[in-house]
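Hi everyone, thanks for making time this morning. I'd like to walk you through a structure, and I'll give the cut-offs as we go.

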Amino acid sequence: MSVSDSDEELYNERTALVPAQNPAVPSYRPDPELSPTEDSDSKMPDPGAEPEDEEEEPLKYGAKHVIMLFVPVTLCMAVVVATIKSVSFYSEKTTQQIYTPFSEDTPDVGRRLLHSVLNTAIMISVIVVMTVLLVVLYKYRCYKFIHGWLILSSLMLLFWFSFMYLEVFRTYNVAVDYPTVAMVIWNFGAVGMLCIHWKGPLQLQQAYLIVISALMALVFIKYLPEWSTWVILGAISVYDLVAVLSPKGPLRMLVETAQERNEPIFPALIYSLNGGRAEPQSPRLRPVTEEELEEEGVKLGLGDFIFYSVLVGKAAATGGDWNTTLACFVAILIGLCLTLLLLAIFRKALPALPISIAFGLIFYFSTDFLVQPFMDNLANHQFYI
Amino acid sequence: MTAAVFFGCTFIAFGPAVSLFLFTIAREPLRVIFLIAGAFFWLVSLLMASLVWFISVQISNKESVSQQKGLLIFGVVLSVLLQETFPASASSHHTDSILLSGLGFGFMSGAFSVVNILADSVGPGTVGIHGDSQHYFLSSAFMTMAIILLHMFWGIIFFDGCEKQRWLAVAAVVASHLLVSCLTFQNPQYVSSLVPTYVVMFFMGVWAFYTAGGSLRNLKLCLTCKDKDFLLANHRPR
């Protein structure tokens, strides 16, 4: 890749750690000027097929990014589904929570629907208020406040929610003592805080982001009533669409303000594929190679991970049927693929929720009501299609 | 014992398909995307067939068992036909997509047929106490393996037939798909359904091999590690 000798001296344990601050690149935007070069370990090209290869290069480059997002999304969903299917704690009925005060225990369908819509209205207004607050704080440069808020929320995720996850011990009837639990949770949480807010190896950062998304999704699945979850998923996709695309949308203002100030958006909230490999702050010892530009790839917000996993996890929790779960999984991946395709066409920040969640919801309800009885009947007689 | 059944049946059903995936597809991101797109289109075709079946069941007489069975058979035939029209309408001429949409179809079809059965096989107890066949899990697994591989072969032959306007090949694919599905109507007489299915699979496999450009000479070169193109493509030093 780079040719300079002085590079070897710089590479030691300190530089091997990737800082959590992402480089000052506008997010969601692959660099339009770069010519997609293949990696150094690419196959030797077939001489007869070269003209075809040149057309396929952008396609392959885009496909690589799509797969690099498929893998963490799939991992997150797999963790959530595996937990839901094995640990009954997350599918158990729970007490009424403060964010969703309207109970769904009524037999009347209309009343239940009304209650879930009201619950959704409350949740969405809470989310809108928090988002607007975040944007206002960012605009008026209250960075310390924002950092404190993010640190508090990651503390809660890493310590409290992972302590809740230890219910898995109860499922498998494993006896563990409190000192061990304290040490495990302390280590897990402390390393997580370091990786997310300061520096850490890239893959460990990515693993922690996936884990906290999965934990958050599991908590949503446990504490949101059933019908409210579906309505909330629909409503939050609409909100995402509005917030990112409309000119006065809070998320759009956030992204634009960050771009104007040439600052990265909070690393604790975003999953990036190659965070921090090229550091514009350090003095340039060699010209930035094209491969380095290529490395700064697409970023996906953690909220997207969370809500994809909530959809698939809820599909797995209700009904106990694997066909529905599989159908939702494929639908979400195809939605993500389409979203990334649109991203490559429009080259600006796009909401990642609407298409995937729309496909996911359509496939959940249609598989649950239409396909499932058909497949059940076929399986009874062992007919194959 | 149930764990043994579960793992055994899973590996039988998905072994060849997953190894195909690992060796040929997992390295190329574009191929993975085509695979998932293939799975998605199969899902859509199944959805439409289920919709038609569901509506027909609602209209029909729910008490009559033979009528319900007849409707189910109609649903199967319709779904097979829909599955064959989907690749025809959604085809792209990228060489990879041919193999992959077939395999994607196969993966999804196999998964939908067998995943719930596998999940049940882990649970306490097993099948057969009321006189049903004890080979339910095993035969399902073998059937699934055959179906996945068949979908891949059908995909190759179908696309090649469409491209070269060989409608006989296309008709043969549709006919053999219908044949295999109708053979399963004879379950639980597994001999009469599984054996012909495997025969069909073998023939389709040979046909697909020749369609994709294979020959006995290529096969020999490949197996004795003398095929230069194959070696270069897979970085293996000669």
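Let's start in a loop: A:Asn173 sits between α6 (167-171) and α7 of chain A. Helices here are DSSP runs of H or I with at least four residues, strands are runs of E with at least two, and both are numbered from the N terminus. A:Asn173 has a positive phi of about 60 degrees although it is not a glycine. Most residues other than glycine have a negative phi. A:Asn173 counts as exposed because its relative accessibility is 73%. For that term, exposed means over 50% relative accessible area, buried means under 20%, and partly exposed is in between, with a 1.4 Å probe and protein chains only.

A:Arg141 also has a positive phi, about 60 degrees, and is not a glycine. You'll find A:Arg141 in the loop between α4 and α5 (143-165) of chain A.

Now the housekeeping. This is a predicted model, where local features need pLDDT of at least 70 and side-chain atom pairs count only at pLDDT 80 or more, while totals for chains, interfaces and linings use all residues. Residues are numbered from 1 along each chain as its sequence is written, chains are lettered from A and ligands numbered from 1 in the order in which they are written, and side-chain values use heavy atoms, leaving out hydrogens and water.

Next, the two chains. Chain A has 14 helices and 4 strands, and 46% of its 385 residues count as buried. Chain B has 9 helices and 0 strands, and of its 238 residues, 47% are buried. What about contacts, meaning heavy atoms within 4.5 Å? Taking contacts with a separation of 6 or more, residues 24 or more positions apart account for 79% in chain A and for 72% in chain B.

On to helix packing. Two packed helices are described by the angle between their axes and the distance between the axes. The axes are lines fitted to C-alpha atoms, for helices over the stretch in contact, and angles run from 0 to 180 degrees between N-to-C directions.

In chain A, helix α13 (residues 322-346) and helix α14 (residues 353-381) have axes that come within 8 Å and cross at roughly 155 degrees. So α13(A) is roughly antiparallel to α14(A); the scheme is under 35 degrees for roughly parallel, over 145 for roughly antiparallel, 65 to 115 for roughly perpendicular, and oblique for the rest. The crossing of this pair is right-handed, which is to say the near helix is turned clockwise from the far one by less than a right angle, with anticlockwise giving left-handed. Residues of the contact include A:Ala331, A:Leu338 and A:Leu342 in α13(A), and A:Phe359, A:Phe363 and A:Met375 in α14(A). By type, the residues of this contact are 13 nonpolar, 8 polar and 1 charged.

How do α7 (residues 178-197) and α8 (residues 202-223) of chain A cross? Their axes come within 9 Å, at roughly 115 degrees, and the crossing is left-handed. Among the residues that meet are A:Phe188 and A:Val191 in α7(A), and A:Tyr208 and A:Leu209 in α8(A). This contact has 9 nonpolar residues, 3 polar and no charged.

Staying in helix α8 of chain A, we reach A:Ala214. A:Ala214 is buried, with a relative accessible area of 3%. Beyond its neighbours within four places in sequence, A:Ala214 contacts A:Cys76, A:Val79 and A:Val80.

One more residue in chain A: A:Asn119, in helix α4 (residues 109-139). Buried or exposed, for A:Asn119? Buried, because its relative accessibility is 0%. A polar atom of the A:Asn119 side chain lies 2.9 Å from the backbone oxygen of A:Phe102.

Finally, chain B, where helix α5 (residues 136-163) and helix α6 (residues 167-183) have axes that come within 8 Å and cross at roughly 160 degrees. That makes α5(B) roughly antiparallel to α6(B). Here the crossing is left-handed. The meeting residues include B:Trp154 and B:Phe158 in α5(B), with B:Val170 and B:Val173 in α6(B). They divide, over the whole contact, into 12 nonpolar, 4 polar and no charged.

Thanks, and I'm happy to take questions.

Note on methods
Contact means heavy atoms within 4.5 Å. Ala, Val, Leu, Ile, Met, Phe, Trp, Tyr, Cys and Pro count as nonpolar, Asp, Glu, Lys and Arg as charged, and the others, Gly among them, as polar. A polar contact is a pair of N or O atoms within 3.5 Å; within protein, one must be able to donate a hydrogen and the other to accept it, and residues adjacent in sequence count only if both atoms are side-chain atoms.
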